Amino acid sequence: MAKATVSRANDHPAARSLQDSIESVATEHGVDPLLVKAVIKTESNFDPEAVSARGALGLMQLMPATARELRVANPLDPLENVTGGTRYLRTLLDSYDGNVALSLAAYNAGPGRVKDAIPNIPETRTYVARVLRHYASYRQAR
């Protein structure tokens with residue numbers, strides 16, 4: 001498999017330097033590195049210091065409680081954040097039988113709000129569509 005080396009002009013400058021970490025962490029956890037990259041693009045645009053209005057932190061925008069559950073000591077550390085976020089994504093993919101769209105919906109809205117379909121939450125629907133669009137773009141450019 002070719003290395004997932006896709007960088008866009010509008011990606012944060014840190015995107016290229018994170019490529020090897022994303023590749024190794026994703027591979028270690030059995031997640032497509034391009035999917036992890038699409039989540040990071042959507043969540044933080046590769047800004048390792050991103051903090052949302054709701055308090056989500058870092059590249060994969062981990063909520064503090066989620067970071068604690070994932071044993072991520074410093075959510076603003078890029079490697080810790082990507083490792084924790086990828087482990088969480090792997091758990092969701094397993095929970096939803098590999099269904100990427102449902103897993104992404106659960107990543108955004110929380111697993112308690114996602115059963116057999118993407119919930120009718122506009123933010124979540126937009127989020128899933130955006131991640132899938134980035135994912136398709138990265139896969140096409142491979």
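A residue counts as buried when its relative accessible area is under 20%. The legends below describe close-up views of a predicted model.

**View 1. Helix α5 is largely enclosed by the rest of the structure.** Seven of the 10 residues of α5 are buried, so the rest of the structure largely encloses this helix. The buried residues are Leu102, Ser103, Leu104, Ala105, Ala106, Tyr107 and Ala109. They pack against α2, α4 and α6.

View 2. Not counting residues up to four places away in sequence, leucine 104 touches Leu35, Val39, Leu89, Tyr127, Val128, Val131 and Leu132.

**View 3. Helices α5 and α6 pack against each other at an angle of about 130°.** Their axes are 9 Å apart. At this angle, α5 and α6 are therefore oblique to each other. The crossing of α5 past α6 is right-handed. On the α5 side, the contact is made by Val100, Ala101, Leu104, Ala105, Tyr107, Asn108 and Ala109. On the α6 side, Glu123, Thr124, Tyr127, Val128, Val131 and Leu132 take part. By class, the residues of this contact are 10 nonpolar, two polar and one charged.

**View 4. Helices α2 and α6 also pack at an angle of about 130°.** Helix α2 covers residues 33–44, and the axes of α2 and α6 are 8 Å apart. These two helices are therefore oblique to each other. Helix α2 passes α6 in a right-handed crossing. From α2, the contact is made by Leu34, Leu35, Lys37, Ala38, Val39, Lys41, Thr42 and Glu43. From α6, the contact residues are Tyr127, Arg130, Val131, His134, Tyr135, Tyr138 and Arg139. The contact of α2 with α6 has eight nonpolar, two polar and five charged residues.

**View 5. Arginine 142 lies in the segment after α6 (122–141).** Arginine 142 has a relative accessibility of 40%, so it counts as partly exposed. Arginine 142 and valine 25 are 117 residues apart in sequence. In space, the C-alpha atoms of arginine 142 and valine 25 are 19 Å apart.

Conventions: Residues are numbered from 1 along each chain as its sequence is written. This is a predicted model: local features need pLDDT of at least 70, side-chain atom pairs count only at pLDDT 80 or more; totals for chains, interfaces and linings use all residues. Side-chain values use heavy atoms; hydrogens and water are left out. Helices (H or I, at least four residues) and strands (E, at least two) are DSSP runs, numbered from the N terminus. Buried means under 20% relative accessible area, exposed over 50%, partly exposed in between (1.4 Å probe, protein chains only). Axes are lines fitted to C-alpha atoms, for helices over the stretch in contact, and angles run from 0 to 180 degrees between N-to-C directions. Angles under 35 degrees count as roughly parallel, over 145 as roughly antiparallel, 65 to 115 as roughly perpendicular and the rest as oblique. A crossing is left-handed if the near helix is turned anticlockwise from the far one by less than a right angle, and right-handed if clockwise. Contact means heavy atoms within 4.5 Å. Ala, Val, Leu, Ile, Met, Phe, Trp, Tyr, Cys and Pro count as nonpolar, Asp, Glu, Lys and Arg as charged, and the others, Gly among them, as polar.
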